[in-house]
Amino acid sequence: MKVIFVCTGNTCRSPMAQMIAQEKIKNHSFSSAGIYAANGEEASYGAQNAMEIMFSKPLIHKSTLITKDIFDSNDLVIAISGRHKALLEALYGKSDKIIAMPEDIADPFGGDVDDYLASARDIERGIDILQSRGYFDDK
């Protein structure tokens, strides 16, 4: 299954979600994108630090703007917040493949490493909840 996480700029929350999912769930392909992303930007320093702390490995990432082709090529589109879900539905229509994280993930942009770690832990909890609800079961 191809799964994509979507946030605003694709430099903080969705790349962290992608890495966390890749570390926890091995039988799917995970990616990330942003609704207003500029292509090719590195993950924010705070996101890189948080992932290094959590997983002792670097977050290697270049931002991607979500497009219809990218949207269509994924089986599940996970919005980082309800607002992102609404924006995705406005862009691509309502679809069962668009879901939101169980709780909106606070944007740590501009914060310190503790803010990024708090968001990363919220993301991890959200992924655990989605996994317990069967979203990552083989279909």
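Reply: Start with H28, which sits in the loop between α1 and β2 (29–34). Helices (H or I, at least four residues) and strands (E, at least two) are DSSP runs, numbered from the N terminus. This is a predicted model, where local features need pLDDT of at least 70, side-chain atom pairs count only at pLDDT 80 or more, and totals for chains, interfaces and linings use all residues. Residues are numbered from 1 along each chain as its sequence is written, and side-chain values use heavy atoms, with hydrogens and water left out.

Me: Why is H28 called buried?

Reply: Buried means under 20% relative accessible area, exposed over 50%, and partly exposed in between (1.4 Å probe, protein chains only). H28 has 11% relative accessibility, so H28 counts as buried.

Me: Which residues is H28 in contact with, leaving aside its neighbours within four places in sequence?

Reply: Contact means heavy atoms within 4.5 Å. With those neighbours left aside, H28 touches M1, F136, D137 and D138.

Me: What polar atoms lie by the side chain of H28?

Reply: The backbone oxygen of F136 is 2.5 Å from a polar atom of that side chain. The backbone nitrogen of M1 is 3.5 Å from a polar atom of the H28 side chain.

Me: What makes K57 and E23 a salt bridge?

Reply: A salt bridge is a side-chain nitrogen of Lys or Arg within 4 Å of a carboxyl oxygen of Asp or Glu. The side chains of K57 and E23 meet at 3.0 Å, N to O, so the pair qualifies. This pair links distant parts of the chain, 34 residues apart: K57 is in the loop between α2 (45–55) and α3 (68–73), and E23 is in helix α1 (residues 13–24).

Me: Are K57 and E23 exposed, partly exposed or buried?

Reply: K57 has a relative accessible area of 36%, so K57 is partly exposed. E23, at 26%, is partly exposed too.

Me: How do you know that E124 and K24 form a salt bridge?

Reply: Their closest N and O atoms are 3.6 Å apart, so the pair meets the cut-off. E124 lies in helix α5 (residues 113–132) and K24 in helix α1, so the pair ties together parts that are 100 residues apart in sequence.

Me: How many salt bridges does the structure hold?

Reply: There are nine.

Conventions
A polar contact is a pair of N or O atoms within 3.5 Å; within protein, one must be able to donate a hydrogen and the other to accept it, and residues adjacent in sequence count only if both atoms are side-chain atoms.
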